[in-house]
Amino acid sequence: RRGRFRSKQWYQRRVRGYLLKMKLFCLILLVSLSAVCAFRLDYEEEEEDPQGCSCELDTVGDKLQCCISIRTIIRRLRKYDLHMVCTASIDELLRLLRYSRRYKYKVYKARRYICRDYKPTTPPSTPVPSTTPPVPT
């Protein structure tokens with residue numbers, strides 16, 4: 001009878017062991033997630049500064065445009081209709097986004113990325129008129 005049933009202390013030790021493992025797992029998970037978040041923040045800060053964005057410009061508008069990334073342009077272009085973005089010229093998109101001409105290449109790359117799967121739709125063709133009159137029913 002004693003071999004079949006376990007004692008209360010045995011179960012308590014077993015539960016304590018599981019709780020210790022669970023706490024250790026949660027601690028490792030928390031530390032790894034915080035490390036990933038910290039790395040991601042550092043990476044985003046470096047990415048925003050690819051061309052040395054310590055611009056010394058006079059106007060606020062130029063300062064706002066100083067460090068525009070292609071990712072930002074893609075986000076802004078996705079707010080518009082896909083057909084309009086893919087059929088517009090680069091100069092039209094620059095006017096639409098209110099960017100200066102120095103961002104022409106970045107807008108071109110962003111548009112190319114957005115429109116990579118775009119297939120322009122063609123209107124249905126009108127049937128060729130036949131020379132025979134319709135048969136009355």
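Predicted model: local features only at pLDDT ≥ 70, side-chain atom pairs only at ≥ 80, totals over all residues.
**View 1. Helices α3 and α6 pack against each other at an angle of about 55°.** Helix α3 comprises residues 70-77 and helix α6 comprises residues 104-114, and their axes lie 9 Å apart. This angle makes α3 oblique to α6. The crossing of α3 past α6 is right-handed. On the side of α3, the contact is formed by I70, I73, I74 and L77. On the side of α6, the contributing residues are K106, V107, K109, A110, R111, Y113 and I114.

**View 2. Helix α3 has the buried residues I73, I74 and L77.** These residues cover an arc of only 100° around the axis, so they lie on the same side of α3. The buried residues of α3 pack against α4 (82-87), α5 and α6. I73, I74 and L77 also belong to the contact of α3 with α6 shown in the previous view.

**View 3. Residue R98 has a positive phi, near 60°.** Most residues other than glycine have a negative phi. R98 is a residue other than glycine, yet its phi is positive. R98 is placed in the loop between α5 (90-97) and α6. The relative accessible area of R98 is 71%. Residues count as exposed over 50%, and R98 is therefore exposed.

Conventions:
Residues numbered from 1 in each chain as written. Heavy atoms only, no water. Axes fitted to C-alpha atoms, helices over the stretch in contact; angles between N-to-C directions. Helix = DSSP H or I, 4+ residues; strand = E, 2+ residues; numbered from the N terminus. Parallel < 35°, antiparallel > 145°, perpendicular 65-115°, else oblique. Left-handed = near helix turned anticlockwise from the far one by under 90°. Contact = heavy atoms within 4.5 Å. Buried < 20%, exposed > 50% of the residue type's maximum accessible area, 1.4 Å probe, protein only. Arc of directions from axis to C-beta.
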